[in-house]
Amino acid sequence: MSAGATYEPIAKQTLASPSSSITFSSITGTYTDLVLILNAKTAAGGIQLLKTRVGNGSIDTATNYSCTWIGGYNGGTFSSRDTSSNAAIDMRISDAAWSSMILQFQNYSNSTTNKTFFTRSNNPNDEIWQGVNLWRSTNAINTIQVFPDGGQSFATGTEASLYGIAAA
Amino acid sequence: MIGNAIAGTLGIPTPISLTSYESIATTTVGSGGSSSITFSSISGSYRHLQLRHSATNSSADRFFKIQFNADTATNYSYHYLQGNGATTSASAATTQSFGVCGLVPNSTTYAGIGITDVLDYSNTNKYKTTKSLSGGDMNGAGGYLNLYSSNWRSTSAITSITLTPSTGDFSEYSSFALYGIKGA
């Protein structure tokens, strides 16, 4: 068995003013998986969906996304789906509290399979969501964008950190 | 490789110890598929293990089993929470010959992915517990999201892990990567 340094920071963004989106581009394909960690809230607008798009060279805005998620709230659990959408829609964000999100892009740089990734959002004032997403493309992912729905912006102080995980 | 700053400060995350999370081994299934995947001779020098997979199945949508140290006796139990896009459900099973850590879809183009953690895997005073997140989405053909927990009733340190689809084979291009996480 081989072993070596594996979990590496790639880039971090901390917003000094509100922004409608956060994008990581020109992501190297040398890792096996990517992990994107957010500590975020919106500047206004109450509870919104937090959407994800990916791409190769440019962000894909076509209807190439679908997702399945489960969630929990003070009242029970639920599961839902969205198909043939122009973004993955299975995270939530609000302006009332900081939410933590973790996105896991596994096997992101292969050119054989369509891309599947996890999303998880935790908002103390809202619901907890765990989702799995599909981007119907065999292209390697080298750009990732997250953005609040409803025309809202990320609040000042929102942080996003991108890590790469290498395999043996 | 550096991210694009839309409105903010670009920087590098606080460096972490580059040797605290180590790749142990990776297996990618070749043409013809594979009936099982085994990681053997796992060092006891880590504190925890993490298994990450991206896989498809040659038969039908199937869960896959996890067994430790070639133990096929009824020393396992598991339970899970699942969502299929319409409803949530939960179930459990005791006195099983395997734990469960993932679902793989019957598709060669839409992979099921998962992350399985085995905490304190080399401790000889505890039974071993795994926690898994697994899921897949196939657009119009459905989707699923599963959270599993399994228990292996043995105080032996884990030195091997075997993964087996409940039926069929892991298809070509399925990949499984094992990582070790060091303690302080």
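In what order do the four strands of the open sheet in chain A lie? In this predicted model, in which local features need pLDDT of at least 70, side-chain atom pairs count only at pLDDT 80 or more, and totals for chains, interfaces and linings use all residues, the order is 2-11-4-7, with antiparallel pairing. The edge strands, each pairing on one side only, are strand 2 (22–24) and strand 7 (92–93) of chain A. Strands here are DSSP runs (E, at least two residues) numbered from the N terminus, and two of them pair if DSSP finds at least two bridges between them. Strand 4 (residues 48–55) and strand 11 (residues 143–148) of chain A run antiparallel and are joined by six bridges, with A:Val54 standing opposite A:Ile144 of strand 11. Residues are numbered from 1 along each chain as its sequence is written, chains are lettered from A and ligands numbered from 1 in the order in which they are written, and side-chain values use heavy atoms, with hydrogens and water left out.

Over all chains, the structure holds 10 salt bridges (a side-chain nitrogen of Lys or Arg within 4 Å of a carboxyl oxygen of Asp or Glu). One of them joins A:Arg92 and A:Glu127, with an N to O distance of 3.6 Å. This pair links distant parts of the chain, 35 residues apart, since A:Arg92 lies in strand 7 of chain A and A:Glu127 in the loop between strand 9 and strand 10 (128–135) of chain A. Both A:Arg92 and A:Glu127 are buried, where buried means under 20% relative accessible area, exposed over 50%, and partly exposed in between (1.4 Å probe, protein chains only). A:Arg92, A:Asp126 and A:Glu127 are linked in a network of salt bridges.

In chain B, a salt bridge is formed by B:Glu22 and B:Lys182, whose closest N and O atoms are 3.4 Å apart. This pair also links distant parts of the chain, 160 residues apart, with B:Glu22 in strand 2 (residues 21–28) of chain B and B:Lys182 in the segment after strand 13 (175–181) of chain B. B:Glu22 counts as buried at 9% relative accessibility, whereas B:Lys182 is partly exposed, with a relative accessible area of 38%. B:Asp120 and B:Lys126 likewise form a salt bridge, the closest N and O atoms being 2.5 Å apart; B:Asp120 is buried, with a relative accessible area of 11%, and B:Lys126 is partly exposed, with a relative accessible area of 41%.
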